[in-house]
Amino acid sequence: MSRPMSFYVRAKYDFRSNEANLLSFQAGTLIEVLGQLESGWWDGLLDHNTRGWFPSNYVDIISHESGMIQFSHASICPKSPMLSISSGSTESTGSSGCDPNSGNNAMFHVNAFVQELQQLIQASQVPLSEHWAQTSRQQAVPTLKNGMTELAQTMHEIDEIVTQISKMDLEASSSHSGSSLSNVVLTNLPKNLSSQLPVLGVRVHMLLKYLQESTQIHIAHSEYAKEQIHFEKLAMNFIESLELLGQELRDDQRFVPYVRVESPELMEERSFEHAHNSDAADSSSLSASIPKIGALVKYPSFGRSSASEIMSALKRFSPANGSDGKSEYSMSSSSTTNSRVPLVGTLLSSTNSMTGSEISPGDIVFTDSGTVKGGTLEALVIQLTRHDAFDTKYTSTFMITYRSFTTSSRLMELLIDRFHLEIPSDLEESKFQQWEELKRTPVQLRAVNVMRLWLEYFCDTDDEKALDLVEAFANNALIYRHVNGMRGMLMRLIRRCRQGSGNLNRKMMQPKMQPKPLLPPSLSQLCFLNISPIELARQLTLMESETFLRIYVPECVNKAWASSDARHRASGVVNVISLHNHITGWVIETILNEENVTQRAAITSHFIAIANYCYQINNFSTMWAISSALNCASIYRLNATWALVSRKDLDIFSEINQIIQPTRNYSRYRDLLDRVNPPCVPFFGLYTKDLTFIEDGNSDSLWSDSRLINFAKRSLAADVLYEIRRFQFVPYNFVRVPSLFEFLDLHFKPRMSDEERYERSLKLEPRQSSSPYGGNYHRHDFTSYDMIPDEYFMKRLQENGFT
């Protein structure tokens, strides 16, 4: 047979036969044609009940639409008839409990769902068309709420009716050829629609939120307009799927397996005269007017193929390589050629519906070691929630860097879609439970787990829309799931995020003992040299540590700290840079404000002692700030001052300078940082240098395919971010001394520019060829320690805000 789709014909003459496999009819009868043979014999269905072969020259083709209208008054049974072997009557293959109105009932509810959804779309458009008037917004709220309730009820009824029809189909077909592909598609379509309905509910939830917003009206209007577009697009996809479901219901009435007395090949061998000589030859006048059966009649055009046609055609066809090197289709068996060849070759992939990946070929690329090199956003999210593997490193890298290639709201949308994983169209009913356990449930658990990780560690104050999406998901999807604790867990985390305590959920290791502070004799009249360098180092460390712990890792992505709105996007990083610069300026100006050279030398030694103790307690940030200040031009040139610094202090200072020397990309400092155990305050300037190098030296997408996000670049950045996070879990156990904090805050405010500082240095110690202190001058030649400035590093520090 050359075409699986049906069309309609009207009988021109009477045709009578006593044979079981032939169809008898009278002139004027409307017949639905289910198939053709090259000899001119056609397979017809009469009154949705009687089926058989008849000669094509007895009928005229009419339009598909006219035939459907005239057939619409007939009762539809969801089973095609099976020709009886013993008589000319027909038997319904669905006789074991088939409700003749099931098909009509299903179609009624499908049409009702479409109408309800269209009304919901129109209701969502009203507030926008009426310029966001309060009255229209108030009226839209109950309409949308009630509309979703009605949709849920209608979908439940569709699912139940179609499931009943599919079970009867399965019972009828299993005794002949196993479960048909049409039955599989018909069974899975309503299940997929039911599972996707909560996604529609999420969109309606978002619309209701903006409709009920009473404070920020302008923002709500803008966000509603965006959300309405998403809702309408999703709703139209639902309508298209429902149209497909309706077509599947009609296909199910026509193409279910049936048993024939004779195969079409044997029918081809029979002559037309032998087939109708018992009845048709009775009227000589009629037989004289019957034309000869000629070539096969051309079919009228009938719209797009249904899922049943495509899937059944795909089972018959397989790709073969043509002579021109392009992929073409060839028959995998010797069956008769079919004129409706599927047009989409990508559907022919032999993906295992049970455990196969949903990622399309070419949408994700791996390195030789098996790590992800790049992929589309959708493919990366699928990889994030795989059912068969969980990669901790990949998950951490994705979560810590996702803001560099997408937004939180878009990520939540993809996770919600991932949770509602569609049932494969070719999955048989008998394997559904196994697929549910092995694939969909693990995917759903991992999707929710990613949401949990995001809420606990990565939610930001600007992620209100993403929070709304997760809340809508929990209230519309998880409420129907029998998974203990999932909804409650997400709702608790959402509340905590909105209270401002979600993104710093770090389990700090609180120390049991605190060293007693070393306080000066009088806290009311503080003098720098009277304060213990150890206690000053402790208070500076508390300042640096508290500021460092407030850094939110996503602030370090995409050089947010160097953007025009850095104070908003990366306030934590900006505060760390600002504190570092304040300490550096404080050291410089404290030395330069002293007129007496002996006192200047004492102050310099005091700062060296502070830096040394900071080094001992792993506060490398303050150590680096003091060292940078003492090595700046305004201080470094003070030969008379340095000549009065003790050899012991100069040796300590030289050791510190060796740690921060730039040789081999600051390898000595990096090795030291790798060995230390928290608590620790690293020098953040080196992190900004590394992140800037990664950002500027690698493209955001792969060169080979611009569609694919360069995930290898994000992996490099993640290695830096991991180290930052490593030192954010253990605080210092020093006692905070408020009076010392006030003293430092007071002196941190810079009063001189770099030019003014250098002029002040020249005034204190004018240029001279040698030091007046001769033999007492023991300062080391720091260039021997490879302290030649790293121009690239200094330039990058200046670009990133460090002075």
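Strand β3 (residues 41-46) is largely enclosed by the rest of the structure, because six of its six residues are buried, where buried denotes under 20% relative accessible area, exposed over 50% and partly exposed in between, with a 1.4 Å probe and protein chains only. Trp-41, Asp-43 and Leu-45 point one way from β3, whereas Trp-42, Gly-44 and Leu-46 point the other way, and all are buried. The model is a predicted one, in which local features need pLDDT of at least 70 and side-chain atom pairs count only at pLDDT 80 or more, while totals for chains, interfaces and linings use all residues. Residues are numbered from 1 along each chain as its sequence is written, and side-chain values use heavy atoms, with hydrogens and water left out.

Strand β3 belongs to an open sheet of five strands, arranged in the order β4-β3-β2-β1-β5 with antiparallel pairing. Here helices (H or I, at least four residues) and strands (E, at least two) are DSSP runs numbered from the N terminus, and two strands are taken to pair if DSSP finds at least two bridges between them. The edge strands of the sheet are β4 (50-55) and β5 (59-62), each of which pairs on one side only. From one strand to the next the twist averages 40°, with axes being lines fitted to C-alpha atoms, for helices over the stretch in contact, and angles running from 0 to 180 degrees between N-to-C directions.

Within this sheet, β1 (residues 7-11) and β2 (residues 30-36) are joined in the antiparallel sense by four bridges, and Arg-10 stands opposite Leu-30 in β2. Strand β2 also pairs with β3, again in the antiparallel sense and over four bridges, with Val-33 placed opposite Gly-44 in β3. Between β3 and β4 there are six bridges, likewise antiparallel, and Leu-46 stands opposite Thr-50 in β4. These two strands, β3 and β4, form a hairpin with three residues between them, and Asp-47 in the turn has a positive phi of about 55°.

Helix α20 (residues 620-630) is mostly covered, with ten of its eleven residues buried, among them Phe-620, Met-623, Trp-624, Ile-626 and Leu-630. Thr-406, which is found in the loop between α11 (392-401) and α12 (408-419), is buried with a relative accessible area of 13%. When residues up to four places away in sequence are not counted, Thr-406 touches Leu-377 and Leu-411, contact being defined by heavy atoms within 4.5 Å.

A search of the whole structure finds zero disulfides, a disulfide being a pair of cysteine sulfur atoms within 2.5 Å. Cys-556 is buried, at a relative accessible area of 3%, and Cys-614 is buried as well, at 0%.

Cys-556 also takes part in the lining of the largest cavity, which is formed by 14 residues, of which Cys-556, Val-557, Asn-558, Glu-695 and Ala-717 lie nearest its centre. A cavity is a set of points, on a 1 Å grid over the protein atoms alone, where a 1.4 Å probe fits but cannot get out, and lining residues have an atom within 4 Å of a point. The elements that give two or more residues to this lining are α25 (684-697) and α26 (711-726), and α26 gives the most, with four residues. The count comes to two cavities of 30 Å³ or more, and about 130 Å³ of space lies in the largest cavity, a volume being the space filled by probe spheres set on grid points that are joined across faces, edges and corners.

How values were computed
On a 1 Å grid over the protein atoms alone, a cavity is a set of points where a 1.4 Å probe fits but cannot get out, and a pocket is an open set with protein on both sides within 12 Å along at least five of seven lines; lining residues have an atom within 4 Å of a point.
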